[in-house]
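Subject: Structure for your review

Dear colleague,

I am handing over the structure below, and I would be grateful if you could look through it alongside the notes that follow.

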Amino acid sequence: MVVKFIRNASVCTPEGETPSRGSGQGAIRSFRGAMIVENGLIAAIGPEEDLSGHPLLKCVDEEVDCGGQCVIPGFVDPHTHMCFAARREDEFALRLA
């Protein structure tokens, strides 16, 4: 088990517990907080004081102080496949609209 504690961050993440669709893709929440990552997966996220009693904090292998910089958990890695062989920014804008 590898546990990372990412703290002192400006967290920007999509609203809700499931992937966003349609106009919901623009619903973002932002707060000053922290994340606990266990084996590459987010185990907990929220204001740092809310995570202070989390049991995984006893097992932290690496602590990262973000110095107030932004972290963006929950966003999908943007990519395309070679079969499209063109830029797709316009298509993304259409999806958001």
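The accessible surface of the chain comes to about 7100 Å², and 55% of that area belongs to carbon and sulfur atoms; areas were computed by the Shrake-Rupley method with a 1.4 Å probe, and for residues only the protein chains shown count as cover.

Please keep in mind that this is a predicted model, in which local features need pLDDT of at least 70 and side-chain atom pairs count only at pLDDT 80 or more, while totals for chains, interfaces and linings use all residues. Residues are numbered from 1 along each chain as its sequence is written, and side-chain values use heavy atoms, with hydrogens and water left out.

As to confidence, the chain averages a pLDDT (the predictor's confidence in each residue, from 0 to 100) of 87, and 93% of the residues score at least 70. Strand β4 (residues 62-65) has the highest mean, at 97, whereas helix α2 (residues 89-96) has the lowest, at 79. Where pLDDT is low, the predicted coordinates should not be read in detail.

The chain has 2 helices and 5 strands, which follow one another from the N terminus as β-β-β-α-β-β-α; here helices (H or I, at least four residues) and strands (E, at least two) are DSSP runs, numbered from the N terminus.

Along the principal axes, the C-alpha atoms fill a box of roughly 45 × 25 × 25 Å.

Of the contacts (heavy atoms within 4.5 Å) with a separation of 6 or more, 59% are between residues 24 or more positions apart. Buried residues make up 22% of the 97 residues, where buried means under 20% relative accessible area, exposed over 50%, and partly exposed in between, with a 1.4 Å probe and protein chains only.

Glu17 lies in the loop between β1 (3-14) and β2 (28-38), is exposed with a relative accessible area of 81%, and has its C-alpha atom 19 Å from that of Leu51, 34 residues apart along the chain. Asp50 lies in helix α1 (residues 48-51) and counts as exposed at 58% relative accessibility, while its C-alpha atom is separated by 19 Å from that of Gln69, 19 residues apart along the chain.

With kind regards
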